[in-house]
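Here is a short walk through one protein model, written for someone who likes to know which parts touch which. Have the structure open as you read.

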Amino acid sequence: MRRSITITLLYKFILISETFLNIIEYLFLGDLMEKKKIVIVGALGMDFHLFNRKFRNNEDYEVVAFTYAGEQNVGTTSKNERIYPHELAGDMYPDGIPMYPEIMLESLIRKYKIDLVYLAYSDLSAKHVVYLGQRAQSAGAEYVLPNPDDTMIKADVPVTSVCAVRTGCGKSQVSTKLVDILTEKGLKVISIREPMPYGDLRKQVSMRFASEEDLIKHNCTVEEREEYEQYIEKGHVIYSGVDYEAILKDVMKENPDVIHFDGGNNEIPFYKPDLFITLVDPLRVGHETEYYPGQINLRRANVVVINKENTAKKEDIEKLLKSVKEMNPKAEIIHSNSVVEVENPDIVREKRVLVIDDGPTITHGGMSFGAGYVAAQKYGCKVVDPRPFLKGSMKDIFEEFKHIKKVLPAMGYNSEQIKDFEATVNSVDCDAVLYGTPMELKHIIKINKPSQRARYRIEEIKEKGPSLEEILDRFIREKGL
């Protein structure tokens with residue numbers, strides 16, 4: 001009995017001593033303990049958002065650098081030095097945070113004795129995710145995939161989100177229809193888009209787009225216009241920028257009933273969604289499991305949209321449906337066609353046409369065609385190969401993305417590239433130009449031939465599942481809107 005009491009007392013003494021030592025260490029050694037040094041690997045989007053949410057003003061960590069990757073997005077390959085500025089980084093970073101090409105990852109880890117490498121960008125193959133991890137680990141750093149819950153912001157009003165498993169699944173078609181439906185039901189909806197910050201980041205903290213003047217004011221690239229114009233054309237308001245907490249504050253000043261998050265690439269939502277919609281693509285079966293972080297979107301979705309069924313093989317739709325049900329058996333499934341329309345098809349019908357399609361979809365999205373090419377097939381056009389006519393930096397695009405053959409991706413990350421793009425368009429020997437971008441190309445270039453714009457819209461297959469409006473009606477009831 002006495003021995004048992006002695007052991008118990010000894011155990012309590014050890015616990016008290018350990019607690020005491022921890023207090024002493026915290027009080028007297030806390031300032032001497034080294035911060036964890038971090039490199040954030042990204043493409044000028046989620047990486048900034050991750051920093052703002054998890055590391056800004058966090059004295060336990062020091063973010064030494066961001067890296068940016070040319071293979072992820074051609075808009076990030078600026079040869080000029082880039083800095084995440086002090087005004088955004090906070091008081092811990094009086095000189096801002098430098099950005100380096102991703103090729104320098106190992107040398108950065110060794111030079112600065114980096115502890116952690118955080119992966120913070122999208123539309124990567126699972127193979128490439130592992131490849132980056134092995135590069136980081138071989139140089140001596142731990143490799144981290146951030147927890148989505150650490151990056152999602154909770155809003156005070158209901159949030160809908162539309163994301164995808166890959167770039168080019170048709171998010172814009174679903175997003176704009178969703179906002180149309182909610183607006184027609186008397187709700188005020190403000191949309192927020194994942195960032196594409198290629199300019200002066202200090203001027204892009206929170207940007208509001210409601211008119212063509214706003215696009216000019218913020219010096220938008222072609223990629224940005226492709227995303228924002230389709231909202232503006234319908235009379236909707238959309239925000240984007242660098243600091244998504246600041247954006248939320250600005251949005252809330254407009255007293256929205258619903259906030260809609262329009263995801264970029266296959267990125268996860270920046271805001272915690274109350275209705276999480278994810279698109280999958282039957283033209284790229286298998287990509288729903290093979291690309292990061294698209295599988296996260298699929299597994300977390302309340303609703304999965306199988307789009308483009310009118311252009312897919314029946315067996316591919318069935319394979320995709322099986323895959324979706326295996327990974328997310330609780331999700332509701334919307335089946336839809338992606339219908340392409342041209343205002344005046346006689347201008348291009350059976351003509352020799354240059355096809356221009358959405359830049360991100362055709363480049364890092366890996367697709368060989370988009371709406372323009374589908375419209376060309378629909379109207380019996382002969383598609384002219386643009387490759388013999390490429391000018392300037394457009395040659396580099398085709399060299400980097402070798403899967404592109406008979407369509408010209410809409411490019412314009414700076415004034416020089418826009419000039420090269422325009423020169424290429426106007427040098428192609430064809431009868432007409434058929435473009436399937438979500439923006440009006442004539443706002444930025446002059447086209448010296450007859451032209452038509454092809455547009456996509458989703459058309460639900462109601463006999464195979466619920467419609468988007470039925471899903472939204474239930475959402476409105478559940479949220480008491």
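This is a predicted model: local features need pLDDT of at least 70, side-chain atom pairs count only at pLDDT 80 or more; totals for chains, interfaces and linings use all residues.

Residues are numbered from 1 along each chain as its sequence is written, and side-chain values use heavy atoms, with hydrogens and water left out.

**The chain as a whole**

The protein chain holds 18 helices and 21 strands, which are DSSP runs numbered from the N terminus (helices: H or I, at least four residues; strands: E, at least two). Of its 481 residues, 57% are buried, meaning under 20% relative accessible area with a 1.4 Å probe, protein chains only. Contact here means heavy atoms within 4.5 Å. Among contacts between residues at least 6 apart in sequence, 78% join residues at least 24 apart.

**Two helix pairs**

The table gives the packing of each pair, with axes fitted to C-alpha atoms over the stretch in contact and angles running from 0 to 180 degrees between N-to-C directions.

| Helix pair | Angle | Axis separation |
|---|---|---|
| α7 (residues 171–184) and α18 (residues 468–479) | about 50 degrees | 10 Å |
| α16 (residues 393–400) and α17 (residues 415–427) | about 85 degrees | 8 Å |

α16 is therefore roughly perpendicular to α17, whereas α7 and α18 are oblique to each other. Angles of 65 to 115 degrees count as roughly perpendicular, under 35 as roughly parallel, over 145 as roughly antiparallel, and the rest as oblique.

Which residues of α7 and α18 meet? V174, K177, L178, I181 and L182 in α7 touch L468, E469, L472 and I476 in α18. By class, that contact has 7 nonpolar, no polar and 2 charged residues. (Ala, Val, Leu, Ile, Met, Phe, Trp, Tyr, Cys and Pro count as nonpolar, Asp, Glu, Lys and Arg as charged, and the others, Gly among them, as polar.)

In the other pair, S393, M394 and I397 in α16 meet Q417, D420, F421 and T424 in α17. The residues of this contact divide into 3 nonpolar, 3 polar and 1 charged.

**A closer look at T176**

T176 sits in helix α7. Is T176 buried or exposed? T176 is buried, with a relative accessible area of 8%. Leaving aside its neighbours within four places in sequence, T176 is in contact with Q230, Y231 and K234.

Methods:
Buried means under 20% relative accessible area, exposed over 50%, partly exposed in between (1.4 Å probe, protein chains only).
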